[in-house]
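Dear colleague,

I am handing over the structure we spoke about, and below it you will find my notes on what turned up in it. Please read them with the structure open beside you.

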Amino acid sequence: MRILLTGASGIIGRAIINRLIATVDDCEIIAITNSQQLYSDDLRIKYIQLDLCKSWNVLHYLGYFNYAIHAATYGQPVKFTSHTLDVIELNTHVLKKICEI
């Protein structure tokens, strides 16, 4: 089972990865993160550093997914209020593009 996860380095994204690894034996997680490049010794996780607001079209090249979990957003109130259009873009347009894959 292939799972696309956005927001992989956030609190919710990390919790989702931990839960999936603990409970699903046959999963491959493509973990998208904007903030930093992460690495894992677990071969089921592949981290990709990507700004979804600027490079969402790259998702088409990642192949087929059984499930997509969109957990990416701005989590800090200051960034949310100062980047309102980016937040709307991330939460609507990017989600629409993920669903089209």
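Asp42 has a relative accessible area of 22%, so it counts as partly exposed, and the side chain of Asp42 meets that of Arg44 in a salt bridge, with 2.9 Å from N to O. Arg44 is likewise partly exposed, its relative accessible area being 22%. Please keep in mind that this is a predicted model.

A search of the whole structure finds two salt bridges, and the pair of Arg2 and Glu28 is one of them, with the closest N and O atoms 3.1 Å apart. Because Arg2 lies in strand S1 and Glu28 in strand S2, which covers residues 28-33, this pair ties together parts that are 26 residues apart in sequence. Glu28 counts as partly exposed, at 33% relative accessibility. As background, side chains of opposite charge can pair when their charged atoms come close.

The side chain of Ser9 makes a polar contact with the side chain of Thr33, at 2.7 Å. Is Ser9 buried or exposed? At 13% relative accessibility, Ser9 counts as buried, because the cut-off for that class is under 20%.

Helix H4 takes up residues 84-100, and its 17 residues reach 24 Å from the first C-alpha to the last, close to the 24 Å expected at 1.5 Å a residue. Even so, H4 bends by about 30° at Leu90. Leu90 is also one of the buried residues of H4, together with Val87, Val94, Lys97 and Ile98. In general, an α-helix has 3.6 residues a turn, so residues three or four places apart point the same way. The cover over the buried residues of H4 includes strand S1 (2-6), helix H2 (52-55), strand S4 (67-70) and helix H3 (77-82).

As for the chain as a whole, it holds four helices and four strands, and from the N terminus on its elements run β-α-β-β-α-β-α-α. The radius of gyration is 13 Å, close to the 13 Å that the globule rule gives for 101 residues, so the chain is as compact as a globular protein of that length. Along the principal axes, the C-alpha atoms fill a box of roughly 40 × 25 × 20 Å. Buried residues make up 34% of the 101 residues, and among contacts between residues at least 6 apart in sequence, 55% join residues at least 24 apart.

Methods
Residues numbered from 1 in each chain as written. Predicted model: local features only at pLDDT ≥ 70, side-chain atom pairs only at ≥ 80, totals over all residues. Heavy atoms only, no water. Helix = DSSP H or I, 4+ residues; strand = E, 2+ residues; numbered from the N terminus. Expected span 1.5 Å × (residues − 1). Bend = angle between axes of the 7 residues up to and from the residue. Buried < 20%, exposed > 50% of the residue type's maximum accessible area, 1.4 Å probe, protein only. Contact = heavy atoms within 4.5 Å. Salt bridge = Lys/Arg side-chain N within 4 Å of Asp/Glu carboxyl O. Polar contact = N/O pair within 3.5 Å; in protein donor to acceptor, adjacent residues only side chain to side chain. Rg over C-alpha atoms; globule rule 2.2 N^0.38 Å.
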